[in-house]
Amino acid sequence: MNDFLLDVKNLKFYYQVKVRNDLGFYTKKDVRAVDSVSFSISRGETLGIVGESGCGKTTIGKIIVKLLKPLSGSVLFEGKDIFQNNKYDDRQYKKNVQIVFQDPYSSLDPRFTVGKILAEPFTNSSEWDEKSKQDRILGIMDEVGLKKEYYTRFPHEFSGGQRQRIGVARALALNPSMIVCDEPVSALDVSIQAQILNLMASLREKHNLTYIFISHNLSVIKHISDKIMVMYLGKVMEISSKSDLFSNHKHPYTDALINAIPVPDPRCSSLNTTLEGEIPNALEEISGCVFKSRCKYAKEVCDKVTPDLLDLGDCHYVACHLYR
């Protein structure tokens, strides 16, 4: 069996879109949302995936929970390819891997009460009778900070933070091993974000959960992650432990992201450096490094050869020709 809880290898996923040409005809083109992405996660670890909008991080999350099927590559969970599972293994996988969605307002059915929303995960499970199911639901509600009297209320009666607590409770219902968190705090106020992040951290300690935490906010990623993967236009730029990434990052794009973090002290000068150059057209095939048009260190080789992830030791990987 593989040493990792989750091992992703050479994952590819392209979206097809219709594009109108100069003659007025529509042709189909591929958007390379995820392009040869590989990473792994150990049990109990939190991997933060960070990058600009459109870099492919949410697509990776959807593939892992089987909302999308990849064009190629493999996703191994406890050593088994999740897209080669039989019906029994597939059911077990879906119990073990859950998701918390980004928008707490649209991810909950407005016609269902909290009790019915939290009972949904048990629909296809014969392991729970009505009494144990209700006890489990009330227990989870207490864990995430929801009062028992909320059981019969509807989503519109709650604030955004409370709705996201319902989403977290739903993900916890079947005792999963891993939860994919797709920007779970981006739609919330800053003070509420901290509460949800602290809740998720405490649940991780209590249940030995493994998280894939997707966000465009590097400060949020820094708060909750053990390991961080930086993505740009469907490619992995750098993977490192949290401490190493912030103190010893290697990729120019990672450097730009970290320097863009706002400094709360007005007396400190900002290190913010604006990236120059044009963002490549995602509909066009890009030769060489996808970051070359915005990189001040770009060389001739960057225009021709796509850099592979280079192992720098201590679980630190970077896709950049500067280190070859």
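Arg43 is partly exposed, with a relative accessible area of 47%; here buried means under 20% relative accessible area, exposed over 50%, and partly exposed in between, with a 1.4 Å probe and protein chains only. The model is predicted, so local features need pLDDT of at least 70 and side-chain atom pairs count only at pLDDT 80 or more, while totals for chains, interfaces and linings use all residues. Residues are numbered from 1 along each chain as its sequence is written, and side-chain values use heavy atoms, with hydrogens and water left out.

The side chain of Arg43 meets that of Glu78 in a salt bridge, at 2.8 Å from N to O. The term stands for a side-chain nitrogen of Lys or Arg within 4 Å of a carboxyl oxygen of Asp or Glu. This pair links distant parts of the chain: Arg43 is in the loop between β2 and β3 (46–50), and Glu78 is in the loop between β4 (72–77) and β5 (80–81), 35 residues apart. Helices (H or I, at least four residues) and strands (E, at least two) are DSSP runs, numbered from the N terminus. Glu78 is partly exposed, with a relative accessible area of 29%.

A second salt bridge joins Asp90 and Lys66, whose closest N and O atoms are 2.6 Å apart. Asp90 lies in helix α2 (residues 87–96) and Lys66 in the loop between α1 (57–64) and β4, so the pair ties together parts that are 24 residues apart in sequence. Asp90 is buried at a relative accessible area of 15%, whereas Lys66 is partly exposed at 24%.

Glu284 and Lys29 also form a salt bridge through their side chains, at 3.0 Å from N to O. Because Glu284 lies in the loop between α9 (252–259) and α10 (300–304) and Lys29 in strand β2 (residues 26–41), the pair ties together parts that are 255 residues apart in sequence. Glu284 counts as partly exposed at 40% relative accessibility, and Lys29 is partly exposed at 27%.

In total, the structure holds 18 salt bridges. Arg32, Asp35, Lys235 and Glu285 are linked in a network of them.

The cysteines remain. With a disulfide taken as a pair of cysteine sulfur atoms within 2.5 Å, the count comes to zero. For Cys55, the closest cysteine sulfur is in Cys289, 14 Å away and therefore too far for a bond. Cys320 is in no disulfide either, the nearest cysteine sulfur, that of Cys295, being 6.1 Å away. Cys55 is buried at 2% relative accessibility, and Cys320 is buried with a relative accessible area of 8%.
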